[in-house]
Amino acid sequence: MSQCILVTSGRGGLGKSVVVAGLARALALQGQRVALVEGTHRSLDLLFGVSQRAVFDWVDLVEGRCSLADALLPLEGALDGEPGPTPALLCGPSYGVPLPPAPPLGELCARLEELYDLVLVEAGDQPAGLLRQWARAASRGVVVATPDPVAVRAGREVSDLLDEEGVPQVQLCVNMLPADFLKTRPVPDLDWMIDQVCAQLIAVVPWERVLSGPLEIGKKLRLSNVTKIIFDNFAQRILGNYIDLWIQ
């Protein structure tokens, strides 16, 4: 059964674009047909190196200026030559583009779910109110938070928002966990993060230099074997398979 998964965070700079990209790649390598949607503003087009090919966005689509086939960008090269269905990207609007007051996002996700096994929507909290509309279209939510108190508090705020909008399942992805976490203790521990965000833990992605700055997902990205395995396990858990949570 297809799923529409909303990946979000309570503030910017926590790496949700990279999490979406890495998860999409891992799901495709496991044979899943994956569509990525930039729910608020553009970033994934740059990560995948397709910004020059981005002509239409989901606003164009819902307002009838293009077809779904025209709006979707195949992400050739995203799997770096490994076998799997090619993911596709539906771009978000550029900054300053006026948004429709009540876009039919449920209908949009339903159309995508007819073609894809997983629809991953990356959305932040701006413009105001748009995240709630994406939440109403989602069947599942993943809150991305880093191990610092401000990110955790923001994660709780967005977790409460998803709960208010009736998202059936809300889970936590801890991102950029430093190797010296047990020594530095920026937050008490992961259990504290789980309790504060009020969401079940689904993945812990370690800090890695290649993921901490500007990057292009695909052939130019070289994840460590550990991070690849963690994203593979993340994908398996999204698919409902029991995989022990590996914390590096």
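Visitor: Which residues of H7 are buried?

Guide: In this predicted model, the buried residues of H7 are Ala151, Val152, Ala154, Gly155, Val158, Ser159, Leu161 and Leu162. Each is called buried because its relative accessible area is under 20%.

Visitor: What do the buried residues of H7 pack against?

Guide: They pack against strands E1 (3-8), E6 (140-145) and E7 (170-177), and against helices H6 (130-137) and H9 (190-197).

Visitor: How do you know what span is expected of H7?

Guide: The expected span is 1.5 Å times one less than the number of residues. Helix H7, residues 149-164, has 16 residues, and 22 Å is expected. From its first C-alpha to its last, H7 reaches 23 Å, which is close to that value.

Visitor: What makes Asp148 a cap of H7, and at which end?

Guide: A side-chain oxygen of Asp148 lies 3.1 Å from the backbone nitrogen of Val150. A polar contact requires N or O atoms within 3.5 Å, and Asp148 caps the N-terminal end of H7. Just after the helix, Gly166 takes a positive phi of about 80°.

Visitor: Why are the buried residues of H5 said to line one face of the helix?

Guide: The buried residues of H5 (residues 105-115) are Leu105, Leu108, Cys109 and Leu112. Seen down the axis of H5, they fall within an arc of 95°, so they line one face. In an α-helix, residues three or four places apart point the same way, because there are 3.6 residues a turn. On the other side of H5, Glu107 and Glu114 are exposed.

Visitor: Why is Gln171 called buried?

Guide: Gln171 lies in strand E7. Its relative accessible area is 4%, and buried means under 20%; Gln171 is therefore buried.

Visitor: What makes the pairing of Gln171 and Arg140 a polar contact?

Guide: The two side chains make this contact at 2.9 Å, and the limit is 3.5 Å. Among the other residues that Gln171 touches are Gly141, Val142, Ala199 and Ile202.

Visitor: How do you know how many disulfides there are?

Guide: A disulfide requires two cysteine sulfur atoms within 2.5 Å, and by this rule the count is 0. For Cys66, the nearest cysteine sulfur, that of Cys91, is 11 Å away, and Cys66 is in no disulfide. For Cys173, the nearest is that of Cys198, 17 Å away, and Cys173 is likewise in no disulfide.

Visitor: Is Cys66 buried or exposed, and what of Cys173?

Guide: Cys66 has a relative accessible area of 14%, so Cys66 is buried. Cys173, at 0%, also counts as buried.

Notes
Residues are numbered from 1 along each chain as its sequence is written. This is a predicted model: local features need pLDDT of at least 70, side-chain atom pairs count only at pLDDT 80 or more; totals for chains, interfaces and linings use all residues. Side-chain values use heavy atoms; hydrogens and water are left out. Buried means under 20% relative accessible area, exposed over 50%, partly exposed in between (1.4 Å probe, protein chains only). Helices (H or I, at least four residues) and strands (E, at least two) are DSSP runs, numbered from the N terminus. Contact means heavy atoms within 4.5 Å. A polar contact is a pair of N or O atoms within 3.5 Å; within protein, one must be able to donate a hydrogen and the other to accept it, and residues adjacent in sequence count only if both atoms are side-chain atoms. The arc is that of the directions from the helix axis to the C-beta atoms.
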